[in-house]
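Trainee: I'd like a close look at one part of this protein, with its neighbours described along the way. Could you take me through it?

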Amino acid sequence: RISEVRASEAGAEELGDNRSIAARRGRRTGEDARAGDGEVRNKIEMLEKGDQLVSLGIWSGPDGFQKQFAKTYTSSPYNATYDQWKAMFEAIKSNKHLAILKVLGSSMHEKRHSAFLELLAEYLPQMSIIALNIGEFTNASREAFEKFETALAHEDCIVAHLYYSEHQLPQ
């Protein structure tokens, strides 16, 4: 199997497909999809180091943006499970430098939206997050949003900049 993948990757390069290997491979989808354990472990190690990473969750910016800030910014893992997020939140709560968190609902299966928001609500008052973007959580329950809003009001929560769409709130 490995030799097949390598041959396929070499063929793509010969055809001028300069996208990364990850970009050429299809994303896993569905309720049982999950982020790679190595990717999550790498992010946890970065968080536990605690002296450089200031943002978890980046976007595709201008050319060179990601390379320029590679030591301080990293992406959120795509399709991370509840347990993977819990492990990352444990690392985040002890990292006093991490100030920005961006997790989009489109980066996980819609059935995970409520559980993720409830987990975030549990950990948010313990984190040093001042800018939070949780857009696209269209399938989270009203109860999950209420728990999240309660966490925002907690005296230990220091979120000052928040993005989430009110039109996404369940009625």
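Trainee: Which residues of H6 are buried?

Mentor: Happy to. This is a predicted model, where local features need pLDDT of at least 70 and side-chain atom pairs count only at pLDDT 80 or more, while totals for chains, interfaces and linings use all residues. Residues are numbered from 1 along each chain as its sequence is written, and side-chain values use heavy atoms, with hydrogens and water left out.

The buried residues of H6 are His 113, Ser 114, Phe 116, Leu 117, Leu 119, Leu 120, Ala 121 and Tyr 123. Here, buried means under 20% relative accessible area, exposed means over 50%, and partly exposed is in between (1.4 Å probe, protein chains only). That is eight of the eleven residues of H6, so this helix is largely enclosed by the rest of the structure. For scale, buried residues make up 39% of the protein's 171 residues.

Read from the N terminus, the order is α-α-α-β-α-β-α-β-α-β-α-β. The cover over the buried residues of H6 includes H5, strand S3 (100–102), strand S4 (131–133) and H7; contact here means heavy atoms within 4.5 Å.

Let's start with H5. The axes of H5 (residues 82–93) and H6 (residues 113–123) come within 11 Å and cross at roughly 20 degrees. That angle makes H5 roughly parallel to H6. Axes are lines fitted to C-alpha atoms, for helices over the stretch in contact, with angles from 0 to 180 degrees between N-to-C directions; under 35 degrees counts as roughly parallel, over 145 as roughly antiparallel, 65 to 115 as roughly perpendicular and the rest as oblique. On the H5 side, Tyr 82, Trp 85, Lys 86, Phe 89, Glu 90 and Lys 93 take part, and they meet Ala 115, Phe 116, Leu 119, Leu 120 and Tyr 123 of H6. By class, this contact has eight nonpolar, no polar and three charged residues (Ala, Val, Leu, Ile, Met, Phe, Trp, Tyr, Cys and Pro count as nonpolar, Asp, Glu, Lys and Arg as charged, and the others, Gly among them, as polar).

Glu 90, one of the H5 residues in that contact, is partly exposed at 36% relative accessible area. Its C-alpha lies 9.5 Å from that of Leu 47, although Glu 90 and Leu 47 are 43 residues apart in sequence.

Now for the rings. Rings of Phe, Tyr and Trp (its six-membered ring) pair if their centres lie within 6.5 Å; planes under 30 degrees apart count as stacked, over 60 as edge-to-face and the rest as tilted. By this rule there are seven aromatic pairs. One of them joins Trp 85 and Phe 116 edge-to-face, at 5.2 Å centre to centre and 70 degrees between the planes. Trp 85 is in H5 and Phe 116 in H6, so the pair ties together parts that are 31 residues apart in sequence. Trp 85 is buried, at 2% relative accessibility, and Phe 116 is buried too, at 3%. Ring pairs also link Trp 85, Phe 89, Phe 116, Tyr 123 and Phe 137 into a cluster.

Next comes H7. The axes of H6 and H7 come within 8 Å and cross at roughly 20 degrees, and these two helices are therefore roughly parallel to each other. H6 passes H7 in a left-handed crossing. Ser 114, Leu 117, Glu 118, Leu 120 and Ala 121 of H6 make this contact with Ala 144, Phe 145, Lys 147, Phe 148 and Ala 151 of H7. These residues divide into seven nonpolar, one polar and two charged. Phe 145, one of the H7 residues in the contact, is buried, and so is Tyr 164.

Terms used:
Helices (H or I, at least four residues) and strands (E, at least two) are DSSP runs, numbered from the N terminus. A crossing is left-handed if the near helix is turned anticlockwise from the far one by less than a right angle, and right-handed if clockwise.
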